[in-house]
Amino acid sequence: MQQIKNFINGEFVIGSANKFFDKRSPVNNQVIAQIAEASQADVDAAVKAAHTALNGEWGKMTVDQRVEMLYAVANEITRRFEDFVAAEMADTGQPNHVMRHVFIPRGAANFKVFADVVKNVAAESFTMATPDGRGAVNYAVRNPKGVVGVISPWNAPFMLMTWKVGPALACGNTVVVKPSEETPMTSALLGEVMNAVGMPKGVFNVVNGFGPDSAGEFLTHHPMVDAITFTGETRTGTAIMKAAAEGMRDISFELGGKNAGVVFADANFDDAVNGIFRSVFLNSGQVCLGTERVYVERPIFDKFVAALKAKAEAVKYGRPEDHGSDYGPLISAEHKQKVMSYYKKAVDEGATVVTGGGVPDMPDDLKDGHWIQPTIWTGLPETASVVQEEIFGPCCHIRPFDTDEEVIKLANDTQYGLSTTIWTTNLARAHTVAAKIDVGITWVNSWFLRDLRTAFGGSKQSGIGREGGVHSLEFYTETRNICIKL
Ligand SMILES: NC(=O)C1=CN([C@@H]2O[C@H](COP(=O)(O)OP(=O)(O)OC[C@H]3O[C@@H](n4cnc5c(N)ncnc54)[C@H](O)[C@@H]3O)[C@@H](O)[C@H]2O)C=CC1
Ligand SMILES: O=C(O)/C=C/C=C(\O)C(=O)O
């Protein structure tokens with residue numbers, strides 16, 4: 001049986017508690033690996049190693065040397081591409097093509113792009129007048145924050161973990177990563193990559209375990225962690241924020257969403273159907289940017305619902321490594337139970353089930369996996385649980401609308417504010433509506449089209465702060481101003 005160990009100070013270690021927990025495959029619920037759980041002492045050792053590394057060889061590197069190191073990491077990820085694809089498929093059960101074309105390439109890009117950003121983005125400088133007429137010059141320098149705690153989720157494990165580790169290292173910090181207990185494999189592989197490229201010991205560390213009373217909590221409460229970056233559930237964000245308050249540590253949070261898709265009657269119909277389908281069902285709906293509320297302008301409502309239904313009914317369930325399959329299971333039995341409870345609630349609250357709503361009939365070898373049908377509802381009021389609460393599953397509610405003002409109000413009627421996708425051929429309308437929807441990211445005639453130099457994050461309860469491009473520099477460095485009187 002494969003063992004996944006912690007990675008502390010450049011070494012793979014089981015840890016002081018000699019304790020393991022099971023990693024089960026989402027496709028059939030079989031145990032596929034044993035994960036070494038980090039104790040409080042192990043987390044302490046990882047944080048201290050990261051702290052020591054700040055003042056060693058890593059801390060003394062020039063920006064150019066760091067940049068070269070990050071390029072080497074990206075190249076090594078690309079060289080071991082198939083290993084990363086296999087590990088992520090085993091952990092998540094999601095299709096080969098999604099790993100190959102979206103999640104794993106993004107992991108390498110997360111190192112390259114931020115290497116380029118730190119190399120090319122200047123810090124600010126201002127000259128000022130002084131009473132004696134000689135003036136003064138101000139210039140900013142960016143220093144690493146220190147040890148960054150990275151808490152990452154299970155839905156796109158490698159992409160979301162490296163989205164934080166890439167910029168943190170580019171800025172000269174060191175990191176301790178706590179991957180989700182559901183998906184530890186690619187973080188461990190990244191440890192191998194770090195050793196292969198000669199990354200100094202202690203710069204990158206991984207501690208495995210759970211949240212409360214385990215590695216997640218030990219890490220976020222550790223007094224030598226200088227900043228915490230987290231992607232996951234809003235409620236977990238609240239707990240981490242409380243931990244970060246001790247010692248006034250900085251935080252960057254990307255949290256949940258209940259994102260709206262808006263389809264106007266003038267949209268290119270096929271593009272809109274394909275785009276909304278992808279935004280609802282990619283990764284079996286386990287994407288924080290995913291659409292769970294769809295608003296369609298009334299003249300095309302029936303036709304749109306029928307087209308989305310046809311596509312949802314055509315998904316090909318199957319093992320991720322089977323190139324014919326395009327739809328995977330949910331991550332865990334627990335998550336399946338949560339999503340199924342929403343499928344039941346929708347019916348209890350009076351939804352019309354357009355398609356799905358249950359569990360597919362799978363062959364014997366996959367029967368115990370966490371499979372669930374893509375599901376579409378109509379006919380619910382906006383107050384219904386499945387229209388208000390983040391489900392994080394392959395499902396959406398579709399409702400007709402008549403005016404721009406109405407759909408803006410509907411889209412904004414949520415505690416979340418992460419993303420929106422708008423489909424229209426009327427550019428003026430796209431601008432006007434986009435400006436009025438209170439989210440961090442709006443896509444027009446597209447979804448999940450990512451330029452890593454742009455600001456990324458959520459408003460309202462979907463997050464705190466922005467990452468991406470220079471915004472990541474803001475979070476991962478301490479900007480200091482130096483004022484010189486001339
Ligand atoms: N990107 C997103 O917006 C994501 C949203 N979710 C939502 O969250 C729900 C639950 O999924 P989970 O993986 O359990 O999300 P979660 O927010 O509980 O876990 C994310 C990470 O935080 C860690 N964690 C949990 N409690 C912690 C604590 N008190 N202190 C420090 N670390 C802690 C977990 O071990 C994991 O590494 C999903 O059903 C979904 O609705 C989950 C994953 C990603
Ligand atoms: O593209 C990114 O940087 C982040 C994407 C986030 C998700 O897909 C998620 O958290 O589900």
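Two residues are in contact if their C-beta atoms, placed from the backbone, lie within 7 Å. The legends below use that criterion for a predicted model.

**View 1. The whole chain, with its contacts and overall dimensions.** Among contacts in the protein with a separation of 6 or more, 70% join residues 24 or more positions apart. The protein holds 16 helices and 23 strands. Along its principal axes, the C-alpha trace spans about 70 × 65 × 40 Å. A compact globule of 486 residues would have a radius of gyration near 23 Å, and the protein has 23 Å, which agrees. Of the 486 residues, 52% count as buried.

**View 2. The annotated domain, residues 17-482.** This range comes from the UniProt record, an unreviewed entry, where the annotation reads "domain: Aldehyde dehydrogenase". Helix makes up 41% of the chain over residues 17-482, and strand makes up 20%. The end C-alpha atoms of the range are 47 Å apart.

**View 3. The pairing of strand 4 with strand 5.** Strand 5 covers residues 31-36. Strands 4 and 5 pair in the antiparallel sense, over five bridges. D22 stands opposite Q34 in strand 5.

**View 4. N18, a residue with positive phi in a loop.** N18 lies in the loop between strand 3 (11-13) and strand 4. Phi of N18 is near 50°, a positive value in a residue other than glycine. Is N18 buried or exposed? N18 has 9 other C-beta atoms within 10 Å. A residue with 12 or fewer counts as exposed, so N18 is exposed.

**View 5. K460, a residue with positive phi in a strand.** K460 sits in strand 21 (residues 459-460). Phi of K460 is positive, about 45°, although K460 is not a glycine. With 17 C-beta neighbours inside 10 Å, K460 counts as partly exposed.

View 6. Helix 3 runs over residues 63-79. At 1.5 Å a residue, its 17 residues should span 24 Å. The end C-alpha atoms of helix 3 are 24 Å apart, which agrees. Which residues of helix 3 are buried? They are V67, M69, L70, V73, A74, E76 and I77. The cover over the buried residues of helix 3 includes helix 4 (81-92) and helix 5 (96-120). It also includes helix 6 (157-170) and helix 7 (185-196).

**View 7. Q94, a buried residue in a loop.** Q94 is found in the loop between helix 4 and helix 5. There are 27 other C-beta atoms within 10 Å of Q94. The threshold for a buried residue is 20 or more, so Q94 is buried. What does Q94 touch, not counting residues up to four places away in sequence? Its contacts are M89, M99, N283, P320 and G328. Q94 and K60 are 34 residues apart along the chain, and their C-alpha atoms are separated by 41 Å.

Terms used:
Residues numbered from 1 in each chain as written. Chains lettered and ligands numbered in written order. Predicted model: local features only at pLDDT ≥ 70, side-chain atom pairs only at ≥ 80, totals over all residues. Pairing = 2+ DSSP bridges. Helix = DSSP H or I, 4+ residues; strand = E, 2+ residues; numbered from the N terminus. Expected span 1.5 Å × (residues − 1). UniProt positions renumbered as here; feature names shortened; annotations may be inferred. Rg over C-alpha atoms; globule rule 2.2 N^0.38 Å.
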